[in-house]
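Biologist: Could you walk me through this one, and back up each label with its definition as we go?

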Amino acid sequence: MKKLLEKLKKISLALYFAPLFIFYGFIFAYPIFLTFVRSFGLFPVTPKTPSEFTLKYYFEFFQPNSVYIPSLWFSFWNSVVTTFIAAIFGYLVALYFFKANYPGKKTVSALFKSPLFVPYLVGAFMWMEILAAHGYVNGFLKSLGLINQPLRLIWDPYGIGIIIANVWMNVAFMSTLMLGALESLNPDLTYAARNLGAGTWTIVRKIYFPLTLPAFLAGSILIFVGIFGAFSVPFVLGGSWPKYLSVVIYEDVVEHGKWVQGYVSAVIYIISAVILTYVYTILMRRMAGRK
Amino acid sequence: MASKREIALVAIIIILLITNIYAFSQSAKVATLEKELAELKAKPIVTSPTWDDIVAKAKEEGTVIFYGYGDEFMKKFFLDRSAEFEAKYGIKVEYHHGDWFSTVEKLKADKAAGKTVGDVDLVFLWSKPFADAWEAGTVWQYDVMSILPNAKTVPYELWYQTDFFPTYGAMVPGVWWQVGFVYRTDKVTNPPKSLDELLDWCKANPGRFTYCDPNKGGSGHTFLMTLIYWMYGYDTYAWKDLGKVNPAKENWTSLWNYLNELEKYMYHPGEYPAGNMAAMELLAAGEVWLEPQWMDIVWDQVKAGRLDPSVIKVYIPEPTICAGGFDGFMIPWYAPHKEAAMLYMNFWLSEETQMKLITDWAVYPLNTEVWKKAPADIKAQVWWPEGGLDAMLQRPLWFRHALYMYDAMSKWTDEVARK
């Protein structure tokens with residue numbers, strides 16, 4: 001009887017959380033489940049379209065000359081480059097604010113954080129005006145006589161504009177995260193290192209970076225996942241080819257009404273992001289010496 | 001720590017809860033559908049009304065819920081016309097400005113949910129979303145064109161098709177958008193008079209021509225469709241198997257070869273402006289000197305002070321550029337105020353409203369006689385192609401074929417952008 005009462009107690013505790021699980025299930029799990037199921041042609045969005053299981057859209061995705069694999073690859077490497085630059089710059093900015101001490105530092109720090117408050121779409125249009133052929137960057141370089149023809153910084157095949165805009169918007173995020181991690185370090189470690197004759201660069205390499213590595217990894221993963229599947233920046237600043245897979249999904253669904261193909265691309269996107277994040281985490285942990 | 005059995009028990013309870021909730025919602029839905037079907041069956045059959053009956057019924061309804069889309073100037077235009085309609089008929093217009101995609105998706109969702117009475121009376125849209133809406137069964141299947149008194153002012157070719165998608169009279173064309181070639185008069189003295197001369201002109205003026213990505217701007221895909229007709233013949237595609245063509249079998253090899261050759265002499269080869277406005281900005285900045293562009297985009301930029309009208313001219317090269325799109329109105333199947341919606345459509349086709357398309361916007365009227373009565377100073381503005389609508393009507397009238405156009409847009413990415 002006592003055991004039964006204990007078991008009932010545990011079950012009732014679990015049931016208290018059931019509404020929360022149901023809520024999150026509907027908000028997170030159900031949309032993903034629906035996306036997955038609809039990628040096989042089941043429960044179509046459009047009325048009058050029969051619900052029938054099919055793999056043809058998956059076959060079309062993985063066709064050798066389709067737009068999907070090159071778009072996925074472009075989304076991947078462009079996001080990796082952005083993540084790398086944003087993470088390094090973010091760390092350097094955080095180090096600067098960690099060590100700097102002068103009047104007006106808070107104001108300068110607030111200015112560095114301003115991209116956090118700019119929506120991605122607004123930032124994309126802002127950078128479009130700055131980087132366009134008739135924009136400020138080209139105008140400035142032309143006025144200095146450094147170029148005769150405007151540089152191609154947007155709508156180009158390398159996604160230069162996408163990288164610049166995404167880096168600008170993510171450096172602030174990374175630096176905020178890293179500054180918190182740096183400020184949580186025990187200052188005695190720095191004093192001890194100085195006493196032993198270590199210079200600033202040695203302290204950064206041997207103390208700061210290893211101890212803030214988990215935060216650095218977390219920030220990098222968050223930046224990557226955020227921009228890998230993003231739409232507004234690649235849509236505004238991206239070229240006609242190659243495109244981010246998110247832009248291809250938009251064109252498939254909105255321009256061509258190919259909903260199922262859009263679902264397939266979304267499923268591949270989700271799976272790719274999960275796998276890449278997992279692999280990245282394992283690799284970084286190994287580098288950090290963690291098991 | 002809960003045992004595996006306890007976890008399994010909780011999981012089973014949650015699954016049972018979810019399935020029961022779902023089953024209950026489905027049974028509730030079925031009950032609602034049966035009730036609505038019974039109500040419909042009880043309604044008397046309606047015979048064809050006269051126009052006076054429709055006007056009387058419209059005033060009785062007292063409201064029309066109108067969903068439009070477009071740029072800010074279009075929103076203002078719709079709101080101004082709606083205010084005039086209200087003043088004339090005493091019927092309130094509830095205007096919603098959004099985008100055609102989400103409006104059609106809303107209609108599809110309402111149809112899937114089994115609604116028979118809705119909250120949308122009138123939708124302004126173009127050929128593709130109309131086709132989507134029609135195929136989803138969300139369009140009121142009534143030959144509205146045959147009942148509107150002002151429809152007789154609309155060219156008959158536009159009564160039953162839009163971009164060669166059959167409309168069965170259910171879509172009433174509202175505006176005549178037109179793409180022309182825009183060029184900088186301060187940089188160009190001899191623009192190409194015909195499409196035949198375009199490539200040679202680009203070779204003589206490398207880096208000074210562009211067209212926007214056809215997947216991101218209508219001026220781009222209208223230009224693409226024009227080239228298809230120019231290269232393969234308008235009669236090869238026009239009016240063929242209306243609504244039942246198979247564009248996938250078209251290779252258009254010559255077209256892709258031509259565009260790839262053209263690209264070598266275009267502005268930043270391989271770089272296509274991401275939309276109509278992006279292309280317009282390049283011309284305004286003097287980076288390009290010639291491009292295909294919507295005349296109302298030119299108008300908007302001149303009005304906003306971003307384009308100097310003294311250095312701009314618009315013209316239609318020989319043989320022509322595709323006419324349209326002819327965006328227009330349709331009534332959803334579940335519109336609660338269908339008569340008021342028809343009255344609005346008829347009002348839109350009135351001479352007064354059609355004149356406003358010329359004076360307050362920069363699109364051609366569907367009633368071509370109205371153009372002749374437009375003030376001369378308005379018709380002389382730079383955004384109208386040389387010769388205006390009169391000259392346009394002297395040329396072959398090429399309507400875009402939506403199915404071929406969309407297929408070409410998709411193939412353009414593979415055959416031109418990727419190469």
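Modeller: In strand 8 of chain B, Pro292(B) is the bridge partner of Phe181(B). Bear in mind that this is a predicted model, where local features need pLDDT of at least 70, side-chain atom pairs count only at pLDDT 80 or more, and totals for chains, interfaces and linings use all residues. Residues are numbered from 1 along each chain as its sequence is written, while chains are lettered from A and ligands numbered from 1 in the order in which they are written.

Biologist: How do you know that strand 7 and strand 8 of chain B pair, and in which sense do they run?

Modeller: Two strands pair if DSSP finds at least two bridges between them. Strand 7 (residues 179-184) and strand 8 of chain B share five bridges and run antiparallel, so they pass. Strands here are DSSP runs of E, at least two residues, and helices are runs of H or I, at least four, both numbered from the N terminus.

Biologist: And what makes Leu290(B) count as buried?

Modeller: A residue is buried if 20 or more other C-beta atoms lie within 10 Å of its own, exposed if 12 or fewer, and partly exposed in between, with C-beta atoms placed from the backbone. Leu290(B) has 23 C-beta neighbours inside 10 Å, so it counts as buried. Leu290(B) sits in strand 8 (residues 290-294) of chain B, and five of the five residues of that strand are buried. Leu290(B), Pro292(B) and Trp294(B) point one way, and Glu291(B) and Gln293(B) the other.

Biologist: Which residues does Leu290(B) touch, leaving out those up to four places away in sequence?

Modeller: Phe181(B), Tyr183(B), Val188(B), Pro191(B), Arg208(B) and Phe209(B). Contact means that the C-beta atoms, placed from the backbone, lie within 7 Å. Leu290(B) is also 8.8 Å from Tyr211(B), C-alpha to C-alpha, although 79 residues separate the two in sequence.

Biologist: Which strands pair with strand 3 of chain B?

Modeller: Strand 1 (residues 63-69) of chain B is joined to it by two bridges in the parallel sense, with Tyr67(B) opposite Val123(B). Strand 10 (residues 328-330) of chain B runs antiparallel to strand 3, with three bridges, and Gly328(B) there is the partner of Leu125(B). Within strand 3 (residues 122-125), Leu122(B) and Phe124(B) point one way and Val123(B) and Leu125(B) the other, and all are buried.

Biologist: What makes something a nonpolar core, and which residues touch the most other members of the largest one?

Modeller: A nonpolar core is a set of buried Ala, Val, Leu, Ile, Met, Phe, Trp, Tyr and Cys residues joined through C-beta atoms within 7 Å. The largest has 177 residues, and Met330(B), Tyr344(B) and Met345(B) touch the most other members. Its largest share, 14 residues, comes from helix 7 (residues 160-183) of chain A. Beyond its neighbours up to four places away in sequence, Tyr344(B) touches Val64(B), Phe66(B), Phe85(B) and Leu122(B).

Biologist: How is chain B divided into domains?

Modeller: Domain 1 covers 51-173 + 327-365 and domain 2 covers 179-324 + 381-417; such bounds come from an automatic or database domain assignment. Their centres, taken over C-alpha atoms, are 29 Å apart. The contact between them takes 14 residues from domain 1 of chain B and 14 from domain 2 of chain B. On the domain 1 side, helix 5 (127-135) and strand 5 (165-166) of chain B each supply at least two residues.

Biologist: How do you know that the span of helix 12 of chain A agrees with its number of residues?

Modeller: The expected span is 1.5 Å times one less than the number of residues. Helix 12 (residues 259-287) of chain A has 29 residues, so it should span 42 Å, and its end C-alpha atoms are 42 Å apart, which agrees. Its buried residues pack against helix 1, helix 2 (56-61), helix 3 (68-99) and helix 11 of chain A.

Biologist: Last one: how many residues does each chain give to the contact between them?

Modeller: Chain A gives 27 and chain B gives 33. On the chain A side, helix 1 (2-38) and helix 11 (245-255) of chain A give two or more residues each, and the largest share, eight residues, comes from helix 1.

Note on methods: Two residues are in contact if their C-beta atoms, placed from the backbone, lie within 7 Å.
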